[in-house]
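These are notes for a colleague who is opening this structure for the first time. Please keep the sequence and the model in view while reading the points.

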Amino acid sequence: MCGIVGYIGKGNSVEFLLNAIEKLEYRGYDSSGIAICGDDKIKLMKKKGRISVLRKSVAVSKDFDVKKGVVNTGIAHTRWATHGKPSDVNAHPHVSQSGKIAVVHNGIIENYLELKKSLRRRKVKFLSQTDTEVISALIDSLYDGKDFLKAVRDTVNLLEGSFALAILCSDFPDTIIAVKKDSPLIIGFGDEENYIASDVAAFVDKTKDICRLEECEIAYFKGDKVKFYDFNGKELDKKVTHIDWKIGSSTKEGFEHFMMKEIMEQPEAIKETIAPRIVDNKISIKNLDELVESVNKIYIVACGSSYHVGAAAKYSFEKMTGITTIVDLASEFRYRIPAIDEKTLVIIISQSGETADSLAALRESKRRGAKTLAIVNVVGSSIASEADHVIYTWAGLEIAVATTKAYSAQLAVMYMLILYISSRVGKISDDIYREYVKHLLSLPDFVQKMLEMKEKIYDMAKKYKDKDNVFFIGRGVDYASCREGSLKFKELSYLHSEAYAAGELKHGTISLIEQGTLVIAILTDKKLFEKTLSNIREVQARGATVIAIANEEKLNSVDLEVDEVVPIPNVPKMMLPSLTVIPLQLFAYYFALLNDRDIDKPRNLAKSVTVE
Ligand code: F6R
């Protein structure tokens with residue numbers, strides 16, 4: 001969704017800002033804009049469409065020739081339309097009528113109509129249909145010509161809704177103010193220059209020393225200094241965090257797409273997530289004992305693929321820990337009245353750590369007294385900061401909108417958690433525990449082997465690239481993998497697909513199977529193999545073409561008689577989803593590639609869903 005960047009320093013602000021918003025392109029946007037402070041005025045350029053359009057206009061404008069040796073300030077934005085259609089005028093930054101104040105905004109101002117009405121009474125004119133324009137107008141109307149910071153503080157105290165802001169004032173060309181409420185904003189500390197962004201991807205190539213603004217905080221940058229305040233004007237002491245991502249960068253490193261690069265990074269992401277947490281062949285997760293003590297129910301709450309991780313883990317969670325485990329969509333959970341109390345552990349899974357529904361579910365769980373644990377990829381994100389405990393997935397920066405390596409790292413954390421809790425509650429013998437830990441350590445190698453099937457999956461995608469409808473069927477843990485496979489397929493291909501519990505087909509959906517319908521059947525769970533095989537026969541009897549992703553050991557004794565077979569090594573059942581997902585990701589990727597889709601930025605999608 002929308003992206004904010006800001007720059008203050010003696011370098012080339014324009015170059016930084018344009019490069020930085022390009023790094024946020026993956027989040028999805030429909031227009032972009034930039035404003036810098038120079039010659040005592042705000043210089044502005046906004047364009048509908050791709051950043052390349054903005055770049056071209058900036059390149060031919062004299063306004064954007066940056067002076068050397070002086071402090072340069074600037075802000076830029078990628079907009080994903082909410083209030084008002086994508087257009088030049090609705091794009092950010094929004095500049096006040098006097099031309100003094102420029103604002104970029106992520107989030108939604110809920111009382112903007114009310115504020116607009118009162119500003120109109122004072123003869124303020126509005127050009128756009130956005131909620132954001134009231135912010136620049138309000139700051140300007142409250143600005144006494146001297147105290148920029150006070151005008152911003154007075155304004156944010158009048159705003160309702162969610163807002164991350166970066167603000168310029170032409171009277172102070174060496175100053176930027178950044179504000180955060182319910183929408184992420186991060187400060188990066190560089191070498192005599194500082195950065196602001198809604199996502200670290202914007203500046204991670206410049207610095208890994210960051211500081212996240214917490215709720216209702218203001219960062220006030222002047223020259224190379226920065227001070228932090230709350231909304232009442234009290235100065236705050238904030239710490240710098242160093243993000244220690246070993247893998248992932250904001251460049252494609254020779255791959256055609258970030259998605260393929262990230263698919264290939266999965267063994268490393270799993271290793272980085274698991275290895276530091278296994279000490280003397282034991283899973284060691286700090287401060288978790290207290291959290292899991294006296295827990296009698298577990299809720300796993302998340303959205304999209306992160307929810308599928310919960311769905312896949314549920315089977316082993318319940319079986320191996322003996323604790324009732326309920327998996328719920330955050331958007332449903334937050335508006336129900338789930339039976340949770342202080343004996344409930346709520347696990348929130350989120351790559352970004354900023355998903356609005358997951359964050360709301362976390363807050364609701366805390367309000368009801370539950371213990372909360374977050375599994376998050378982005379260090380210091382809102383969900384990570386607010387949960388009682390956090391386990392980070394060390395997948396590194398994930399750029400492609402469709403998650404792959406974060407999904408795999410999340411699964412790895414779930415396996416560790418299952419083993420950790422089952423050993424704490426005495427449900428697993430030492431020998432079996434040790435066996436599992438051994439398997440866990442070899443998981444990256446198995447995933448690597450799966451990735452070596454790349455060409456085979458490409459050939460399959462080529463053969464079936466004209467299909468316009470795909471069914472994914474499986475039982476138990478394989479049904480969970482079906483859901484992830486189907487989501488990956490539809491988000492990348494823009495085609496219909498459906499994940500179905502194989503046993504449910506007969507209860508209605510089988511009416512959709514006809515000659516040539518493509519069915520991807522997953523049969524990795526040995527115990528359910530024959531059951532799903534019967535369902536394969538049923539769809540074949542109605543003309544379906546079947547690709548089977550099947551347990552290798554079983555394949556040695558059974559002739560599947562299907563159109564294609566992808567063998568899955570016989571690892572413990574708990575870990576099967578980590579292997580099954582690889583051909584599913586690759587199939588979705590190649591299918592989309594062969595159909596010329598926008599792989600890294602599928603239409604209508606955003607990487608971090610910060611609105612509900
Ligand atoms: C699908 C995908 C999304 C996310 C979902 C939750 O490929 O990436 O379904 O999984 O939007 O996002 P996070 O994990 O950031 O909370």
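1. Phe-489 is buried, at a relative accessible area of 0%; buried means under 20% relative accessible area, exposed over 50%, and partly exposed in between, with a 1.4 Å probe and protein chains only. Phe-587 is buried too, at 4%. The ring centres of Phe-489 and Phe-587 are 6.2 Å apart and the planes meet at 20°, so the pair is stacked. For this term, rings of Phe, Tyr and Trp (its six-membered ring) pair if their centres lie within 6.5 Å; planes under 30 degrees apart are stacked, over 60 edge-to-face, and the rest tilted. Phe-489 belongs to helix α16 (residues 477-493) and Phe-587 to helix α19 (residues 576-594), which puts the partners 98 residues apart and links distant parts of the chain. Helices (H or I, at least four residues) and strands (E, at least two) are DSSP runs numbered from the N terminus.

2. On the source: this is a predicted model, in which local features need pLDDT of at least 70 and side-chain atom pairs count only at pLDDT 80 or more, while totals for chains, interfaces and linings use all residues. Residues are numbered from 1 along each chain as its sequence is written, and side-chain values use heavy atoms, with hydrogens and water left out.

3. How many aromatic pairs does a search of the whole structure find? The count is 14. One of them joins Tyr-7 and Tyr-195, a tilted pair with 6.2 Å centre to centre and 45° between the planes. Tyr-7 is in strand β1 (residues 3-9) and Tyr-195 in strand β10 (residues 193-197), so this pair ties together parts 188 residues apart in sequence. Tyr-7 is buried at 1% relative accessibility, and Tyr-195 is buried at 2%. Ring pairs also link Tyr-7 and Tyr-195 with Phe-16 and Phe-203 in a cluster.

4. Arg-483 sits over Tyr-479, 4.5 Å from the ring centre, and Arg-603 sits over Tyr-494 at 4.1 Å. The rule asks for NZ of Lys or CZ of Arg within 6 Å of the ring centre and within 35 degrees of the ring normal.

5. The disulfide count is zero, where a disulfide is a pair of cysteine sulfur atoms within 2.5 Å. Cys-37 is buried at 7% relative accessibility. For Cys-216 the closest cysteine sulfur is in Cys-211, 15 Å away and too far for a bond; Cys-216 is partly exposed at 27%.

6. Thr-517 lies in the loop between β24 (496-501) and β25 (518-523) and is buried at 7% relative accessibility. Leaving aside neighbours within four places in sequence, its contacts (heavy atoms within 4.5 Å) include Phe-471, Leu-512 and Gly-543. Gly-543 is 26 residues from Thr-517 along the chain, with 7.1 Å between their C-alpha atoms. A polar atom of the Thr-517 side chain is 2.9 Å from the backbone nitrogen of Glu-514.

7. Helix α13 (residues 405-424) is mostly covered, with 18 of its 20 residues buried. Just after α13, Gly-426 takes a positive phi of about 70°.

Terms used:
A polar contact is a pair of N or O atoms within 3.5 Å; within protein, one must be able to donate a hydrogen and the other to accept it, and residues adjacent in sequence count only if both atoms are side-chain atoms.
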